[in-house]
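Keep the picture open while you read.

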Amino acid sequence: MSFSMAAGVEKDTLPPRLLREDLPSGPAKSKVAELQVMLADYYEARCWTAEGDPTNAIFQELRL
């Protein structure tokens, strides 16, 4: 089975403010969200491809 969400990594994003503005306080003060790193970790945790698509193993696990 083959599947593509066709949007994947191109549409997985955060609000622009979180990608541009440094955080004013807290442990991440003066940092912005590292979207590409976060997406890679998220996709890996979900057993998805680097492009943001579910793998065949996920479909088999869900019996789809």
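A residue is called buried when its relative accessible area is under 20%, exposed when it is over 50%, and partly exposed in between (1.4 Å probe, protein chains only). What you're looking at is a predicted model, where local features need a pLDDT of at least 70, side-chain atom pairs count only at pLDDT 80 or more, and totals for chains, interfaces and linings use all residues. Residues are numbered from 1 along each chain as its sequence is written, and side-chain values use heavy atoms, with hydrogens and water left out.

**The overall picture**

- The protein has four helices and zero strands; helices (H or I, at least four residues) and strands (E, at least two) are DSSP runs, numbered from the N terminus.
- Of the 64 residues in the protein, 14% are buried.
- The accessible surface comes to about 5,300 Å², and carbon and sulfur atoms own 56% of that; areas come from the Shrake-Rupley method with a 1.4 Å probe, and for residues only the protein chains shown count as cover.
- Take the contacts (heavy atoms within 4.5 Å) with a separation of 6 or more: 39% of them join residues 24 or more positions apart.

**How confident is the prediction?**

- The average pLDDT, which is the predictor's confidence in each residue from 0 to 100, is 85 here, and 86% of the residues score at least 70.
- Among the elements, α3 has the highest mean pLDDT (92), while helix α1 (residues 8-11) has the lowest (72).

**Helix α3 and its two faces**

- Leu35, Leu39 and Tyr43 are buried in helix α3, which covers residues 35-45.
- Looking down the axis of α3, you'd find its buried residues within an arc of 60°, so they line one face of the helix; that arc is taken from the directions from the helix axis to the C-beta atoms.
- An α-helix has 3.6 residues a turn, so residues three or four places apart point the same way.
- On the face of α3 turned away from the buried side sit Glu44 and Ala45, both exposed.

**Aromatic rings**

- The whole structure holds three aromatic pairs; rings of Phe, Tyr and Trp (its six-membered ring) pair if their centres lie within 6.5 Å, and planes under 30 degrees apart count as stacked, over 60 as edge-to-face and the rest as tilted.
- Tyrosine 42 and tryptophan 48 have ring centres 5.7 Å apart and planes at 90°, so this pair is edge-to-face.
- Tyrosine 42 is partly exposed at 38% relative accessible area, and tryptophan 48 is partly exposed too, at 23%.
- Tyr42, Tyr43 and Trp48 make up one aromatic cluster.

**The salt bridge**

- One salt bridge turns up in the whole structure, meaning a side-chain nitrogen of Lys or Arg within 4 Å of a carboxyl oxygen of Asp or Glu.
- Its partners are glutamate 21 and arginine 17, with the closest N and O atoms 3.1 Å apart.
- Arginine 17 counts as exposed because its relative accessibility is 57%, whereas glutamate 21 is partly exposed at 39%.

**Spots in the loops**

- Glycine 52 lies in the loop between α3 and α4 (56-61), and at 0% relative accessibility it counts as buried.
- Cysteine 47 is in the loop between α3 and α4 and has a positive phi of about 60° although it is not a glycine.
- Serine 30, in the loop between α2 (16-20) and α3, has a positive phi near 70°.
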